[in-house]
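Please view the sequence and structure below before reading on.

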Amino acid sequence: MGKLLVLMVVAFVDMVGLVMLLPLLPFYATHFGANAFVVGALISAFSVAQLVSAPLWGRLSDQRGRRPAILTGLLISAAAYVVFAFAGSLWMLLLSRVIQGLGGGTIGVVQAYVADASAPEDRAKSLGWLSAVTSLGAVTGPALGSFLARMWGQMAPRLASAALCLLVSVFAWRFLRESRELRRSSASRSASSTT
């Protein structure tokens, strides 16, 4: 569990940053004159981009490692939040949502990291913990975003999402190890314990 704690912190903070903006998105969009259809398109753009990019992230992580894929996805998401924060039109909002979806396509890579870093008998439990912390982030994010908007205005949650994603990117770069290293070290420990 300890070796997955860093990944769970990353997943939690990333989810907080993502859903912090979701309840406020219709207000931003209608400010630029969006109708209900456009608001729906903005919300679904993330999922469409995530759907398209997820297999590509999976292939990249198999070839280059889970850690580089996760770090790249976080940096792409951070860039998307910066675009969102300073968007001056509906097209910029749409672009930011698509970029967010591209960065968010690493969810399968995160799950693969858990599978790599967990013993087979602990894999389901570890995936359960990952699901729990991301759900906690999904609950916390909207409340935090609404609080920030109420206290410091509508720009606050936009900047907070970008700042959170940048911070968690630095945190992951510093503390997240490649899952193959974790798997090899646990395999060598189990081999030495059987001899």
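**Cavity**

- Leu18, Leu21, Leu22, Leu25, Phe84, Arg97 and Gln100 line the largest cavity (a set of points on a 1 Å grid over the protein atoms alone where a 1.4 Å probe fits but cannot get out, with lining residues having an atom within 4 Å of a point).
- This lining comprises 5 nonpolar, 1 polar and 1 charged residues (Ala, Val, Leu, Ile, Met, Phe, Trp, Tyr, Cys and Pro count as nonpolar, Asp, Glu, Lys and Arg as charged, and the others, Gly among them, as polar).
- The largest cavity holds about 30 Å³ of space, a volume being the space filled by probe spheres set on the points.

**Basis of the model**

- This is a predicted model, in which local features need pLDDT of at least 70 and side-chain atom pairs count only at pLDDT 80 or more, while totals for chains, interfaces and linings use all residues.
- Residues are numbered from 1 along each chain as its sequence is written, and side-chain values use heavy atoms, leaving out hydrogens and water.

**Helices H7 and H8**

- Helix H7 (residues 123–152) packs against H8 at an angle of about 130 degrees, with the axes 7 Å apart (helices are DSSP runs, H or I, of at least four residues, numbered from the N terminus; axes are lines fitted to C-alpha atoms over the stretch in contact, and angles run from 0 to 180 degrees between N-to-C directions).
- H7 is therefore oblique to H8 (angles under 35 degrees count as roughly parallel, over 145 as roughly antiparallel, 65 to 115 as roughly perpendicular and the rest as oblique).
- Gly145, Leu148, Ala149 and Trp152 of H7 make the contact with Ala156, Pro157 and Ala160 of H8, where contact means heavy atoms within 4.5 Å.

Terms used: 1 Å grid on protein atoms, 1.4 Å probe; cavity = no way out; pocket = protein on both sides within 12 Å on 5 of 7 lines; lining within 4 Å. Helix = DSSP H or I, 4+ residues; strand = E, 2+ residues; numbered from the N terminus.
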